[in-house]
Amino acid sequence: MMGPSQSLPELVAAARANAKTLEDRIMAAQTPDGQSEELRAATAALEAAAVDIFTLFEARMQHHFRRGPFSRKLTSLLSQSGETGLAERVHQYYLVINVLKHGKGASYRELLNAPASKFAVTTGQDTAAEDGVASVGLVDISFPGFFAGLTETILDASRFLEAQ
């Protein structure tokens, strides 16, 4: 249970534990012929968990900026402070989360056209799930290390902001 009294690192730890369970389900559900119902369900749940933890990060850290697009302002501040590697990581994860939330759009096109993107972006049709998730399958986040990288970036960025 994620309550408002939990710190961001505690929330990240809980999200990581949940993601590990989902990643294990994804690995177990992979079949030679491709998509199973369990694989789709576990992948959709992992996508939702990634969106949730990034949204929570934005909500918890928004107070560091007056108003406007949190991730753009954070990326800009990191770049101006010489934290270009972290700025790039934040931006890449922001794009992935945006695609997971909204489907094809500017973030999708930017990821698709980024030569150095470390994320597998599909050019197929939107495969919207019944539960309203806009983008199941547009970006593959089911590979080992995605969620750990996302949450490490969140923690690094939050430590940076708290030190300001």
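The side chains of Asp24 and Lys20 form a salt bridge, with an N to O distance of 2.6 Å. A salt bridge is defined here as a side-chain nitrogen of Lys or Arg within 4 Å of a carboxyl oxygen of Asp or Glu. The model is predicted: local features need pLDDT of at least 70, side-chain atom pairs count only at pLDDT 80 or more, and totals for chains, interfaces and linings use all residues. Residues are numbered from 1 along each chain as its sequence is written, and side-chain values use heavy atoms, with hydrogens and water left out.

Asp24 and Lys20 both lie in helix α1, four residues apart, about one turn of the helix. Helices are DSSP runs of H or I with at least four residues, strands are runs of E with at least two, and both are numbered from the N terminus. Asp24 is partly exposed, with a relative accessible area of 39%. Lys20 is also partly exposed, at 45%. On this scale, buried means under 20% relative accessible area, exposed means over 50%, and partly exposed lies in between (1.4 Å probe, protein chains only).

The salt-bridge count comes to seven. One of them joins the side chains of Arg16 and Glu152, at 3.1 Å from N to O. Arg16 lies in helix α1 (residues 8–29) and Glu152 in helix α6, so this pair ties together parts that are 136 residues apart in sequence. Arg16 is partly exposed, with a relative accessible area of 31%. Glu152 is partly exposed, with a value of 32%. A further salt bridge links the side chains of Asp156 and Arg89, at 2.6 Å from N to O. Arg89 is partly exposed, with a relative accessible area of 28%. Salt bridges link Arg16, Arg89, Glu152, Asp156 and Arg159 in a network.

Helix α6 also packs against helix α2. The axes of α2 (residues 37–61) and α6 (residues 146–162) come within 11 Å and cross at roughly 0°. Axes are lines fitted to C-alpha atoms, for helices over the stretch in contact, and angles run from 0 to 180 degrees between N-to-C directions. The two helices, α2 and α6, are therefore roughly parallel to each other. Angles under 35 degrees count as roughly parallel, over 145 as roughly antiparallel, 65 to 115 as roughly perpendicular and the rest as oblique. Contact means heavy atoms within 4.5 Å. On the α2 side, the contact residues are Leu46, Ala49, Ala50, Ile53, Phe54, Phe57 and Met61. They meet Phe146, Phe147, Leu150, Thr151, Ile154, Ala157, Ser158, Leu161 and Glu162 in α6. By class, the contact of α2 with α6 has 13 nonpolar, two polar and one charged residues. Ala, Val, Leu, Ile, Met, Phe, Trp, Tyr, Cys and Pro count as nonpolar, Asp, Glu, Lys and Arg as charged, and the others, Gly among them, as polar.

Aromatic pairs were counted next. Rings of Phe, Tyr and Trp (its six-membered ring) pair if their centres lie within 6.5 Å; planes under 30 degrees apart count as stacked, over 60 as edge-to-face and the rest as tilted. The count comes to five aromatic pairs. Phe57 and Phe70 form an edge-to-face pair, 5.4 Å centre to centre, with 80° between the planes. Phe57 lies in helix α2 and Phe70 in helix α3 (residues 70–80), so the pair ties together parts that are 13 residues apart in sequence. Both Phe57 and Phe70 are buried. The rings of Tyr93 and Phe146 have centres 5.5 Å apart and planes at 65°, so this pair is edge-to-face. Tyr93 lies in helix α4 (residues 84–102) and Phe146 in helix α6, so the pair ties together parts that are 53 residues apart in sequence. Tyr93 counts as buried at 5% relative accessibility. Phe146 counts as buried at 1%. Ring pairs also link Phe54, Phe57, Phe65 and Phe70 into a cluster.

Ala42 is found in helix α2. Ala42 is buried, with a relative accessible area of 0%. Beyond residues up to four places away in sequence, Ala42 touches Leu22, Arg25 and Ile26. The C-alpha atoms of Ala42 and Leu22 are separated by 5.7 Å.
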